Amino acid sequence: MTLAPLVEITRGAQGRDTVECVHYGAVAVVDAHGRLQYAAGDPEFLTFTRSTLKPFQALPFMAGGGPAHFSLDSSELAMLCASHSGEAMHVHAVASLLDKSGCDEHHLQCGCHVPTYYASVGEPVPADLRLTPLHHNCSGKHAGFLAYCVQHGLPLDSYLDPAHPLQREIRRAVADVTVVDSEALPMGIDGCSAPNYALPLSHLATAYARLAQAEPQSSHGAGLAELYAAMTSHPELVSGTNRNDLAFMRTMPGDWVAKIGADGVQALGIRSAGLGIAIKTVDGNMRALYTAAVEVLVQLGLVKDPMQTPLAPWVRPQLTNARGLRTGEVRPVLALRRVT
């Protein structure tokens, strides 16, 4: 396993910075056929996909005709793929999804947490906020799981069990899109209690290259096309205010699809370039991940001046202390190498 330095964190004063932290990781960039084009570090680094898996966890629902069965619109399809911020628009959309399948928040088994919205906008959490599972960033995905079970007459109380028919279908769909033997997928339990899978980084990139293509690239091509259209049409639902995925998708509307995963995973599909990109910071640092992702796009020539785009906050963030004094910066040091 070879990991590369992706981002440095500096500390200093009077214009003289010293490197304090180095965040290592790997990058894989593939074409629409899954052929590796560029890399940094080990492009086959085995990575738990975390929330980057969400579009592919929705594929059995798509293949089974779920959207038509429940009369879902594109905004509701976007919620199936969301790591949302728990804003009112997100909570209402998930509630609508549940209502259409005859379920409610009590059926959700994702748990609940404080919405990330407040941290993203720098506001305190209201003292009277009543938290429910609807606020969980994965509640849209879980609402889709429940809808699939309702449609197909499957048990609701065990929908997260890896042996449940839904989860077996998800495993097969993930294996198909990522071009991995389903029996060779290491499994873990995600933060929302759903099964999650680890993939070589290049295979996660392949899945996003396929997600971004207009022409079907697998037996799930039609579902991928619908989910891509939904995600890129409603990035504010997939992500949230001041979030990086929203910034990526607003930088090149309708062309870039982006999805983060917890503990340092970022995946992007670039339709016009026919590319899939997957990035992992091995220590799970998200601050470093965002800056690394922007730098990858710059080095690929996909964005020329990110400071003039919604990506500006993550280009080379300046760090300050509690008094507002500059203490250092987050700066990219990764170097993509051409593979083919």
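**Glutamine 266 and its surroundings in a predicted model**

Good morning. Leaving out residues up to four places away in sequence, glutamine 266 touches Asn244, Asp245, Phe248, Ala258, Lys259, Ile260, Ile277, Ala278, Ile279, Leu289 and Ala293, where contact means heavy atoms within 4.5 Å.

A word on conventions. This is a predicted model, in which local features need pLDDT of at least 70 and side-chain atom pairs count only at pLDDT 80 or more, while totals for chains, interfaces and linings use all residues. Residues are numbered from 1 along each chain as its sequence is written, and side-chain values use heavy atoms, with hydrogens and water left out.

Where does glutamine 266 lie? The residue belongs to strand β8, residues 265-270; helices (H or I, at least four residues) and strands (E, at least two) are DSSP runs, numbered from the N terminus. Is glutamine 266 buried or exposed? Its relative accessible area is 0%, so glutamine 266 is buried. The cut-offs are under 20% relative accessible area for buried and over 50% for exposed, with partly exposed in between (1.4 Å probe, protein chains only).

Two of the neighbours deserve attention for their polar atoms. The side chains of glutamine 266 and asparagine 244 make a polar contact at 2.8 Å. The side chain of glutamine 266 also has a polar atom 3.2 Å from the backbone oxygen of lysine 259. A polar contact here is a pair of N or O atoms within 3.5 Å; within protein, one must be able to donate a hydrogen and the other to accept it, and residues adjacent in sequence count only if both atoms are side-chain atoms. As for threonine 281, it is 15 residues from glutamine 266 in sequence and 9.0 Å away in space, C-alpha to C-alpha.

Glutamine 57 is in helix α1, residues 54-57, and is buried, with a relative accessible area of 2%. Setting aside neighbours within four places in sequence, glutamine 57 contacts Lys141, Phe145, Ile170 and Pro195.

Finally, the protein as a whole. It has 13 helices and 12 strands. Its radius of gyration is 20 Å, close to the 20 Å that the globule rule gives for 340 residues, so the protein is as compact as a globular protein of that length. That radius is taken over C-alpha atoms, and the rule is 2.2 Å times the number of residues to the power 0.38. Buried residues account for 57% of the 340. Of the contacts between residues at least 6 apart in sequence, 64% join residues at least 24 apart. Thank you.
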